[in-house]
Amino acid sequence: MLAGASWEQRTLAVRYPGRIGYRAALELQSALVERRRSGEVPDTLLLLEHPHVITLGSGAQDEHVLLSRQELAARRIGIFETGRGGDATYHGPGQLVGYPVLDLKPDLRDLHAYLRKLEGVLIEALAAFGLPGEREEGATGVWVRGEKVGAIGIRVSSGWITSHGFALNANTDLSYFGAIVPCGLHGRRVTSLSRLLNRRVTPAAAAPAIVAAMANRFGYGFLDDPGHAPER
């Protein structure tokens, strides 16, 4: 019944695993993808943080990682090749990472449309903080006044089940982005909610705006949200 439900009848289950390692998050997503495919669970949004890690999408180029493996290890930055699309990106404390595990059937079997919806989620969440989020022609993600604040990289498995997703810089230490060419875009600056608003905005503070925007943009009829992420 879950797999065949229309969007307006669907439940979005929101879960907050806390700060977990990247490998553990991959395993969690993999298990949820299988359970979603079989109809055991509803569409699920994981909202979490990672320890310092660089992830490499299917389009990543070696030269977009600017530090050697030894330098990364010395700074305690992990590095993973992953199954999502996109280039190199950074995750770390202070960044709100969202992994939607959704069944796109029957009416959203269009990857470009799905990407645009995720961008819309970030733009709507930024608007809740009074910030003008924008798209850029030919690029995936969300910018504010020319600086990138949100990155997106997705995977869609057989049966049109999604994984991976987006990352919104809340109170991220932006210096860590110096280890990469973010998303393969040379010479572009990254920013955060805290920097844009000149006050500390934690991932937990940003989470409710993301949840509300997911419900609105995807038209979920019901939310199963057990509570907000703990402050860090």
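Trainee: His112 then. Buried or exposed?

Mentor: His112 is exposed, at 59% relative accessible area. The cut-offs are under 20% for buried and over 50% for exposed, with partly exposed in between (1.4 Å probe, protein chains only). Keep in mind that this is a predicted model: local features need pLDDT of at least 70, side-chain atom pairs need 80 or more, and totals for chains, interfaces and linings use all residues. Residues are numbered from 1 along each chain as its sequence is written, and side-chain values use heavy atoms, without hydrogens or water.

Trainee: Where does His112 lie?

Mentor: In helix 3. Helices (H or I, at least four residues) and strands (E, at least two) are DSSP runs, numbered from the N terminus. His112 is 28 residues from Thr140 in sequence, and their C-alphas are 9.9 Å apart.

Trainee: Zoom out. How many helices and strands in the protein?

Mentor: 5 helices and 11 strands. There are 232 residues, and 52% of them are buried. The accessible surface comes to about 10,200 Å² (Shrake-Rupley, 1.4 Å probe). Carbon and sulfur atoms hold 50% of that surface.

Trainee: And the contacts? What share joins residues 24 or more positions apart?

Mentor: 78%, counted among contacts with a separation of 6 or more. Contact here means heavy atoms within 4.5 Å.

Trainee: On to the largest nonpolar core. Which residues touch the most other members?

Mentor: Leu47, Ile210, Met214 and Phe218, out of 38 residues. The core is a set of buried Ala, Val, Leu, Ile, Met, Phe, Trp, Tyr and Cys residues joined through side-chain atoms within 4.5 Å. Elements giving it two or more residues include strand 1 (11-19), strand 2 (43-49), helix 3 (111-127) and helix 5 (203-218). Another core, of 15 residues, lies apart from it, with Val53, Phe80, Tyr99 and Ala167 among its members.

Trainee: What is Leu47 in contact with?

Mentor: Leaving aside neighbours within four places in sequence, Leu47 meets Val14, Arg15, Tyr16 and Pro17, among others. Its partners also include Phe166, Ala207, Ile210 and Val211.

Trainee: Helix 5 keeps coming up. How many residues, and what is its reach?

Mentor: 16 residues, and 22 Å from first C-alpha to last. Gly219 follows the helix, with a positive phi near 70°.

Trainee: Which residue has a positive phi although it is not a glycine?

Mentor: Trp160, at about 60°. His164 is one as well, at about 55°. Most residues other than glycine have a negative phi, and most peptide bonds are trans. Trp160 sits in the loop between strand 9 and strand 10, and is partly exposed at 29%. His164 lies in strand 10 and is buried at 4%.

Trainee: What does a cis peptide bond join?

Mentor: Lys105 and Pro106, with omega about 0°. Pro106 is in the loop between strand 6 (95-101) and helix 3.

Trainee: Pockets next. How much space lies in the second largest pocket?

Mentor: About 180 Å³. A pocket is an open set of points on a 1 Å grid over the protein atoms alone, with protein on both sides within 12 Å along at least five of seven lines; a 1.4 Å probe fits at the points, and lining residues have an atom within 4 Å of one. Points join across faces, edges and corners, and the volume is the space filled by probe spheres set on them. It has 13 lining residues, and Leu26, Ser30, Arg155, Ser163 and His164 are the closest to its centre. Helix 1 gives the largest share of the lining, 6 residues. Strand 9 and strand 10 each give two or more.

Trainee: Last two. Where is the place of Ser194?

Mentor: Helix 4. Ser194 counts as buried because its relative accessibility is 13%. Beyond four places in sequence, it touches Ala170, Asn171, Arg199, Arg200 and Val201.

Trainee: And Ile79, which strand?

Mentor: Strand 4, residues 78-81. Ile79 is partly exposed at 22%. Its contacts, neighbours within four places left aside, are Val53, Ile54, Leu56, Val65, Arg69 and Leu72. Thr89 is 10 residues away in sequence and 9.9 Å away, C-alpha to C-alpha.

Conventions: The expected span of a helix is 1.5 Å times one less than its number of residues.
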